[in-house]
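Hi everyone, thanks for coming. Let me put the model up on the screen, and then we can walk through one part of it together.

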Amino acid sequence: MEKSKRCLRHYEGQEFRAVSNDTGDKVLVGHPVVYERKADIGGWFAEVIERGALDGCDMTDVLFFVNHQQSKIPLARSRRNNGSSTMTLRVDDAGLAMEARLDTENNPDARAVYSAVSRGDMDGMSFAFSVEDEEWEGLDTDYPTRHIRKIARIYEVSAVNEPAYEATDISARDKEALENAKSALENVRSTELEDSDEIEVYKLKNEILSK
């Protein structure tokens, strides 16, 4: 059972590039999810996806978009990584590796994003996901850390522009999520508990970065 709603993340520094394979297909490759990379979430807290968080993750149907524009036709899709999939996903030592084969001849959006990545105008990746298990560290400080230990499901991955918020790795459409994060953290800190060890992560489920 998924214990939190969808979240969006953009982490800088991922490998993301455009290539042509042996058959001449136009392909985008990269890592939308990277292990053990600390990201700043709007200045409210840090977040780390722990190694192994993708073990058993539901990736049965994952779409590829630009800037999470889910109202548009997906540029590629992975259905259980079967033979009809135009995108393949693979968990490796770095995190989640992606390879998306684009139809640049018939789809102008695919042609545009392939050109943008080739030119270096677009070099970021992001992903939409839900969390099954997490742990918080330093909730009594001004800048706690959220350790994501288990990702329940990945819904889509996206090529993204630079984030709209300076000094943050969250994508531009997450303004509401940032506000929810701040509110949830303030609520936790204002709650008096007899034993601090009784603070459970589930008190933040469906509040932190809910969409």
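I'd like to start with the second largest pocket, which has a volume of about 160 Å³. A pocket here is an open set of points on a 1 Å grid over the protein atoms alone, where a 1.4 Å probe fits, with protein on both sides within 12 Å along at least five of seven lines; lining residues have an atom within 4 Å of a point. The volume is the space filled by probe spheres set on the points, joined across faces, edges and corners.

Before going on: this is a predicted model, where local features need pLDDT of at least 70, side-chain atom pairs count only at pLDDT 80 or more, and totals for chains, interfaces and linings use all residues. Residues are numbered from 1 along each chain as its sequence is written, and side-chain values use heavy atoms, leaving out hydrogens and water.

So, who lines this pocket? Eleven residues do, with Val29, Arg90, Ala97, Met98 and Glu99 nearest its centre. At least two lining residues come from each of β3 (26-34), β8 (87-91) and β9 (95-102); strands are DSSP E runs of at least two residues, numbered from the N terminus.

Now look at β8 and β9: they run antiparallel, joined by five bridges, and pairing takes at least two DSSP bridges. A hairpin of three residues connects β8 to β9. Glu99, one of those residues nearest the pocket centre, sits in β9 opposite Thr88.

Finally, zooming out, the protein chain has two helices and eleven strands, with helices being H or I runs of at least four residues.
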